[in-house]
Amino acid sequence: MPENNLVSSIFRKEVLAMSAYKVADASGLIKLDAMENPYSWPEDIKRSWLEMLKDCPLNRYPDPEAKQLVATLKHLYRIPSQFEVLLGNGSDEIIQLLLMALPSSACVLAPDPGFVMYKQLSLCLGLSYHGIPLLADSFDLDLPAMLAAIEKHRPSVIFLAYPNNPTGNLFSEASIREIIKAANGLVVIDEAYEPFADAGFIDSLGQYDNLLVMRTVSKLGLAGLRLGYIVGSPNIIEQLHKIRLPYNINCLTQISADFALSNKALFDQQTQNICAERTVVFNRLNALDGIAAYPSAANFILFKTPENRANEIFACIKQQGVLIKNLNAQGGLLADCLRVTVGKPEENAAFVDALTKSL
Ligand SMILES: *Cc1c(COP(=O)(O)O)cnc(C)c1O
């Protein structure tokens, strides 16, 4: 067809070869597929939030530097003053920005299985990408393999999600430090699940020139706002500021995030509830015949189902009104694996019940 010739003559081959990131339709289902915080806000907090939004000047462009919000983040997360912060429309946008700033010959490295966006965005931008398998038993970093890959490929950027998605574990801190020291390029510690982990690298920024720490408010409970941030040396962050769009954080997000973070005690309480429920779900999963759940420092749990039954079990759980994530198709260490987000107690109970019936 002429249209297809047109399309294939216009767009880059990397784009033509891609498939769009698909998000499952969750309407009518208990939604435990996307690591969202299941809790909303008390009415009085909602009212104060709406009161603040009332004065938001929608006719004006937002503050391009989101100064107030950056100040709040620096204060709240005790970001040392010698480091700079860049905000993104979700941390996904920050990954994209960072990769866009690399030369076309650059290569990107991350452990596998890992967060899909590292690979997806690298390939889309025509960069080469190497996924280095995690250890099969523990999902920890294969340090010798990582160090060999660093020497061989000399990656411009290494992404390490801490805790890792989709496995949920924290990699060995000693291995991470070895990797940062061995790397000739940047190392991004992606702390998307930091609220649930009680561990992180913000305090280590001063020790390494090539270290960046990236976070998001999505998993904390503000996924709808789309706000991520990355912290690092001013000379690195400055380069990213040059290529970001000037108004990438809209004024509703700036005001709402600042408001929400000023009520952080509320999120801390919700986070504690989620972590307590994580233990409940973990124990209930491991009590089931044929199910093996992996320890998690995040707000989700990866678990293995009996051989060759993951697709059928996933479908049966969905049939019963609960949406989780099927990772079986990714193969490798994720063969037979499903991932469930920790929700409210009654949602988790419905999930465990549905899983039990599907076995
Ligand atoms: C969810 C997730 C992100 C993306 O978060 P957004 O800020 O919502 O774009 C980044 N990294 C990891 C490891 C994640 O799981």
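This is a predicted model: local features need pLDDT of at least 70, side-chain atom pairs count only at pLDDT 80 or more; totals for chains, interfaces and linings use all residues.
Let us start with the overall division. Domain 1 is built from two stretches of the chain, 11-40 and 265-358, while domain 2 covers 60-261.

How many residues of domain 1 are in contact with domain 2? The number is 28, and they meet 31 residues of domain 2. The size of an interface is often given as the accessible area lost when the parts come together. For domain 1 and domain 2 that buried area is about 2300 Å², with 68% of it on carbon and sulfur atoms. Three residues stand out on the domain 1 side: Phe 267, Ala 297 and Leu 333 provide 27% of the area that domain 1 buries against domain 2, more than any other three residues.

What about polar links across this face? There are zero salt bridges between domain 1 and domain 2, but five residue pairs are in polar contact, with both partners at pLDDT 80 or more. On the side of domain 1 that touches domain 2, at least two residues each come from helix H2 (13-17), helix H12 (264-286) and strand E10 (300-304). H12 gives the largest share, five residues. By type, the residues on this side of domain 1 are 17 nonpolar, six polar and five charged.

**The ligand site**

| Residue | Distance to a ligand oxygen atom |
|---|---|
| Thr 216 | 2.6 Å |
| Ser 218 | 2.6 Å |
| Lys 219 | 3.2 Å |

**Backbone details**

Some backbone geometry is also worth a look when you prepare the model. Pro 113 sits in the loop that runs between strand E3 (107-112) and helix H6 (116-124).

A cis peptide bond also joins Tyr 162 and Pro 163, where omega is about 0°. Here the proline, Pro 163, belongs to the loop between strand E5 (157-161) and helix H8 (173-182).

Lastly, Ala 66 has a positive phi, near 45°, although this residue is not glycine. Where does Ala 66 lie? Its place is the loop between helix H3 (43-53) and helix H4 (67-76).

Key:
Residues are numbered from 1 along each chain as its sequence is written. Side-chain values use heavy atoms; hydrogens and water are left out. Domain bounds come from an automatic or database domain assignment. Contact means heavy atoms within 4.5 Å. Buried area is the accessible area (1.4 Å probe) that two parts lose on being put together, summed over both. A salt bridge is a side-chain nitrogen of Lys or Arg within 4 Å of a carboxyl oxygen of Asp or Glu. A polar contact is a pair of N or O atoms within 3.5 Å; within protein, one must be able to donate a hydrogen and the other to accept it, and residues adjacent in sequence count only if both atoms are side-chain atoms. Helices (H or I, at least four residues) and strands (E, at least two) are DSSP runs, numbered from the N terminus. Ala, Val, Leu, Ile, Met, Phe, Trp, Tyr, Cys and Pro count as nonpolar, Asp, Glu, Lys and Arg as charged, and the others, Gly among them, as polar.
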